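Hi,

Here is the structure I said I would pass on.

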Amino acid sequence: MKLTIQVNEGPYQHQSADSAYFFTKAALEKGHEIFRVFFYHDGVNNGTRLTTPPQDDRNIVNRWSELAKEYKLDMVVCVAAAQRRGIVDDGEAQRNGKDATNIADGFRISGLGQLVEGAIQSDRLVVFGD
Amino acid sequence: MAMLHLVNKSPYDACSLDTASSIMQGDDSLLLIEDGVYAAVKGGKAAARLEGLKISVLGPDLAARGIGKDKLIDGVTVVDYAGFVDMVEANDKVQSWL
Amino acid sequence: MSEIKKFMYVNRKAPYGTIYAWEALEVVLIGAAFEQDVSLAFMDDGVYQLIKGQDTTGIGMKNFSPTYSALGDYEITKIYVEKESLEERGLTLDDLQHLVWEDEDEDWAEKDSIRLVSRSELADVLATQDVLFNF
């Protein structure tokens with residue numbers, strides 16, 4: 001089964017980011033293909049490398065980066081939502097005159113078309129949100 | 001063609017369970033995740049909404065909330081994340097009642 | 001070339017209190033270029049998104065409600081509004097924007113985009129879709 005996962009909420013605020021992670025991991029462990037994980041609305045905040053969660057709690061951002069590395073996942077942060085919320089990569093910094101970038105490993109910023117394409121190309125779209 | 005309905009909010013906090021349960025048809029299944037698991041607790045007002053429906057509950061979310069399986073209404077299937085994946089595969093599409 | 005899928009964008013949240021209504025519309029607009037078979041559903045608090053006469057000057061937010069009337073130009077002609085959701089909120093179709101599309105097969109005749117449906121009719125429509133978007 002080929003899946004696209006949509007994550008609508010940021011890390012820690014809602015359980016959605018956790019649920020999406022564990023679902024995605026379980027699907028991969030079962031041998032399914034994750035076409036894309038698409039982060040929308042506050043979900044783009046899963047893609048900042050500047051979080052410092054307490055040592056005794058899960059590191060949501062790093063967890064995504066590690067999963068992406070292990071399984072070569074395509075994790076896309078929506079550009080429009082990212083611009084609103086301040087998730088920046090080199091390209092966005094240049095285009096919008098920002099003096100810093102903060103995108104975490106394994107994430108890339110791209111357009112909403114990536115979500116639509118994911119829905120077209122996948123067998124299932126699973127949305128996690130509030 | 002059957003649909004998997006996901007409800008992640010407590011029935012005492014939001015209307016998503018009401019909407020989901022009233023729109024479910026035929027062979028559809030309902031999976032309660034996150035705060036949605038509270039709906040399956042025996043004796044709660046929300047449990048009545050689940051009558052006659054194919055209900056599953058995500059085990060890790062129950063355990064996190066200290067709800068033992070003995071507290072659940074009858075006929076509920078407890079699944080883990082692997083079971084959640086199986087349910088997505090077994091149904092044609094997923095409707096997340098956010 | 002993959003076959004065309006039936007896409008349903010489900011809208012259940014009110015506008016302005018949260019961003020979901022607006023950001024959902026952004027997906028619809030971008031998605032229109034992908035030439036799938038698109039429908040929108042407005043139910044629960046989603047019906048509030050279509051109320052006419054929205055004036056956001058006092059809250060300092062962009063009034064995005066004019067975007068709904070442009071949906072016809074994006075070839076989005078199937079907009080399902082759930083009757084029970086309207087009624088329980090004390091609303092009627094008259095409170096909503098009149099959304100239309102122009103049928104080029106009928107000399108650009110203006111047709112209503114909004115289809116008022118009962119919950120059980122909407123359930124039937126949802127059952128026929130391939131992909132369900134939620135925000």
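A word of caution before the rest: this is a predicted model. Taking the contacts in chain B between residues at least 6 apart in sequence, 64% join residues at least 24 apart.

On secondary structure, chain B has 3 helices and 5 strands. If you walk along the sequence, they come in the order β-α-β-β-α-β-α-β.

Next, the overall dimensions. As for burial, 45% of the 98 residues in chain B count as buried.

Then there is the contact with the other chain. On the chain B side, 12 residues are in contact with 15 residues of chain A. Two or more residues on that side of chain B come from each of helix 3 (81-90) and strand 5 (93-97). Helix 3 of chain B gives the most, with 6 residues. So what is the side of chain B that touches chain A made of, by class? There are 8 nonpolar residues, 1 polar and 3 charged.

If you want to look at the contact yourself, I'd start with helix 3 of chain B, given that it contributes the most residues to the side touching chain A.

Cheers

Methods: Residues are numbered from 1 along each chain as its sequence is written. Chains are lettered from A and ligands numbered from 1 in the order in which they are written. This is a predicted model: local features need pLDDT of at least 70, side-chain atom pairs count only at pLDDT 80 or more; totals for chains, interfaces and linings use all residues. Helices (H or I, at least four residues) and strands (E, at least two) are DSSP runs, numbered from the N terminus. A residue is buried if 20 or more other C-beta atoms lie within 10 Å of its own, exposed if 12 or fewer, and partly exposed in between; C-beta atoms are placed from the backbone. Two residues are in contact if their C-beta atoms, placed from the backbone, lie within 7 Å. Ala, Val, Leu, Ile, Met, Phe, Trp, Tyr, Cys and Pro count as nonpolar, Asp, Glu, Lys and Arg as charged, and the others, Gly among them, as polar.
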